[in-house]
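Please look over the model below alongside these notes.

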Amino acid sequence: MMGVIETLLLLTTVAGVVGTGVGGLVGALLQKDSNRAVSLLLSFAGGVMLSVVCFDLVTEAIETNVGLSIVIAAIALGVAVIYVLNYLIDRRTNPEVPHIDENHPKTADDLDELIHSDHFEQHVSQRDNKFALFVAGIVMAGAIALHNVPEGMTIGAAYASNNGVLGSSALVLAILIGLHNIPEGMAVSVPLISGGMGRGKAVCITALSGVPTVLGAFLGYLLGDIGAMGLALSLGFASGAMLYVVFGEILPQAILMYHSKLPAFSAIVGMLVGILIIFA
């Protein structure tokens, strides 16, 4: 029987590396995506994550009895850190992408923008030197890590809150994060292939972009395993980070990608499914 660390490693590798890699493979084979399908998938996943965060992770953080103010502060810190890091990346890259001007929405309206692969593709199209392409690649990797690290932390924190036993929260989060990583993987591999990279290499690089999920999971688990205060901080920070990702990025982007009421209904269905999974 696998131990705690081995189980966590396997769970997050499947969610992060395999999920993103599958998306990269789909992108390599099709070299296109459906805005409608991606929008509904993202909004549904956002709804489930919202239920798990609000009705499970935050509740467990409060039940550590370290004080409500500490839990709220940890959630606020998670929101603030991810927002500030995203803001700094956007401020650095957006001026270099021609279609992002004063009339562009103040949030990503396409997966390429969300992970800044459009910035990388811009440098490729301009035939910039290898250093410029390397920097653009690092920026893209950083943007992906900003999503994957807190996603992994939610799995690790949920795992720690269940005393190292694989509970429904960690499993559901891993499944949903894996599904969410598929369209992200598509958005990474397509511009790499369009820029002349071989399909096999592009898929491998895309899969490796999911590694921060594993690192985030171990960070969430180790912090949550040191006691009630550490668990509350881990659960709170990861919850705040995910709340920002859901409300600040996933849902606005889903609506902008597919101008319809359906993303809203998809998110509501996701929330109801999340409630069903948590309390059934």
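Leaving aside its neighbours within four places in sequence, which residues is I155 in contact with?

1. The model is a predicted one. Once neighbours within four places in sequence are set aside, I155 is in contact with L8, L11, T12, A15, A170, L173, A174 and I177.

2. I155 also belongs to the largest nonpolar core, which has 34 residues. Together with L57 and L173, I155 is among the residues with the most contacts inside this core. Two or more residues of the core come from each of helix 1 (4-30), helix 2 (35-62), helix 3, helix 6, helix 7, helix 9 and helix 10. Helix 2 gives the most, with nine residues. As background, nonpolar side chains in soluble globular proteins tend to be buried together.

3. There is a second, separate core of 23 residues. Its members include A108, L114, F120 and M257.

4. The largest pocket has a volume of about 500 Å³. It is lined by 20 residues, and D90, N94, K106, T107 and A108 are the closest to its centre. The elements that give two or more residues to this lining are helix 3 (68-93), helix 4 (111-114) and helix 10 (228-257). Helix 3 gives the most, with five residues.

5. What classes of residue make up the lining of the largest pocket? Eight are nonpolar, six are polar and six are charged.

6. The second largest pocket has a volume of about 260 Å³. Its lining has 15 residues, with G137, I138, M140, A141 and I205 nearest the centre. Helix 6 (130-161), helix 7 (168-194), helix 8 (199-208) and helix 9 (211-224) each supply at least two lining residues. The largest share, six residues, is from helix 6.

7. By class, the lining of the second largest pocket has 13 nonpolar residues, two polar residues and no charged residues. The lining of the largest pocket, by contrast, has six charged residues.

8. N65 lies between helix 2 and helix 3. N65 is not a glycine, yet its phi is positive, at about 65 degrees. Most residues other than glycine have a negative phi. Is N65 buried or exposed? N65 has a relative accessible area of 69%, and a value over 50% counts as exposed, so N65 is exposed.

Note on methods
Residues numbered from 1 in each chain as written. Predicted model: local features only at pLDDT ≥ 70, side-chain atom pairs only at ≥ 80, totals over all residues. Heavy atoms only, no water. 1 Å grid on protein atoms, 1.4 Å probe; cavity = no way out; pocket = protein on both sides within 12 Å on 5 of 7 lines; lining within 4 Å. Points joined across faces, edges and corners; volume = space filled by probe spheres on them. Helix = DSSP H or I, 4+ residues; strand = E, 2+ residues; numbered from the N terminus. Nonpolar A, V, L, I, M, F, W, Y, C, P; charged D, E, K, R; others polar. Core = buried A, V, L, I, M, F, W, Y, C linked by side-chain atoms within 4.5 Å. Buried < 20%, exposed > 50% of the residue type's maximum accessible area, 1.4 Å probe, protein only. Contact = heavy atoms within 4.5 Å.
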